[in-house]
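Here is a short briefing on one protein chain. Look at the sequence and the fold, then read on.

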Amino acid sequence: TLMRVDEVCVLPQGHALTAKSQLTPQDFAGQAFVSLSGGDPYRRKIDAIFSECGVTRQMRIETHSADAVCAMVARGLGLAIVNPLTALMQSRCNSATKSALVIRPFSVSIPYEINLVRPRYRAASIQVDAMTNALISEAQELSSQLFNLVGSGSIHSAGDIDVRNQG
């Protein structure tokens, strides 16, 4: 595993909930929500959490793309929960425009993993080792940026987790 982080909440700048440092499922009650499409495994996890908590959101828009979700949230169409890497990249893109995206941690852990798989029975090469080291370095940098943005939460990078050959 290169990185394991939790999904995050994204809100449009100026929304009342941006005053909170962390959002709970109850914070989304009655709120307009931009969601991933029904077949997405993260969508199913998110829906299950809200169902278990008895929270009803106003499902406004569905899309297959976390990038599209973030873009719609930044334009004020609702709130969402997405993977933190997409949120981070979209917040960087949107910071140059007037419609900024605000990221907050979610009180419920929804793990998001990025894995590196290498063949177990193939000899290592200088190029593969260099690429692996570059990916580990980038994962550590992104983990640091996410930690600075959302606080401790559940953020683990390759420095904390073993990167192994797989069979």
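In what order do the elements of the chain run from the N terminus on? They run β-β-β-α-β-α-β-α-β-β-β-α-β-β. That pattern holds 4 helices and 10 strands. Helices (H or I, at least four residues) and strands (E, at least two) are DSSP runs, numbered from the N terminus.

This is a predicted model, in which local features need pLDDT of at least 70, side-chain atom pairs count only at pLDDT 80 or more, and totals for chains, interfaces and linings use all residues. Residues are numbered from 1 along each chain as its sequence is written, and side-chain values use heavy atoms, with hydrogens and water left out.

**Confidence and overall build**

- The chain averages a pLDDT of 85 (the predictor's confidence in each residue, from 0 to 100). At least 70 is the score of 86% of the residues.
- Over residues 155–167, the pLDDT is below 50. Beyond near neighbours in sequence, this stretch has 40 contacts in the model (heavy atoms within 4.5 Å).
- The chain has 167 residues, and 44% of them count as buried. Buried means under 20% relative accessible area, exposed over 50%, and partly exposed in between (1.4 Å probe, protein chains only).
- Take the contacts between residues at least 6 apart in sequence: 76% join residues at least 24 apart.

**The nonpolar core**

- A nonpolar core is a set of buried Ala, Val, Leu, Ile, Met, Phe, Trp, Tyr and Cys residues joined through side-chain atoms within 4.5 Å.
- The largest core has 42 residues. Val10, Phe28, Phe50, Ile81, Val82 and Phe106 touch the most other members.
- Helix 2 (residues 66–74) gives this core its largest share, 6 residues.
- Phe28 touches residues including Cys9, Leu23, Phe50, Ile81 and Phe106, not counting residues up to four places away in sequence.
- In soluble globular proteins, nonpolar side chains tend to be buried together.

**Helix 2**

- Which residues of helix 2 are buried? They are Ala66, Val69, Cys70, Met72, Val73 and Ala74.
- At the start of helix 2, a side-chain oxygen of Ser65 reaches to within 3.2 Å of the backbone nitrogen of Asp67.
- Just after helix 2, Gly76 has a positive phi of about 85°.

- An open sheet of 3 strands has the order 5-2-6, and its pairing is antiparallel. Two strands pair if DSSP finds at least two bridges between them.
- Strand 5 (80–82) and strand 6 (101–105) are the edge strands, so called because each pairs on one side only.
- From one strand to the next, the twist averages 35°. Axes are lines fitted to C-alpha atoms, for helices over the stretch in contact, and angles run from 0 to 180 degrees between N-to-C directions.
- Strand 2 (residues 8–12) joins strand 6 through 5 bridges. Val10 stands opposite Ile103 in strand 6.

- Ser35 lies in strand 3 (residues 32–36). Is Ser35 buried or exposed? Ser35 is buried, with a relative accessible area of 2%.
- Leaving aside neighbours within four places in sequence, Ser35 is in contact with Arg43, Met59, Ile61, Glu62, Thr63 and Val69.
- His15 sits in the loop between strand 2 and strand 3. Its side chain reaches the backbone nitrogen of Leu17 at 3.0 Å.

How values were computed
Polar contact = N/O pair within 3.5 Å; in protein donor to acceptor, adjacent residues only side chain to side chain.
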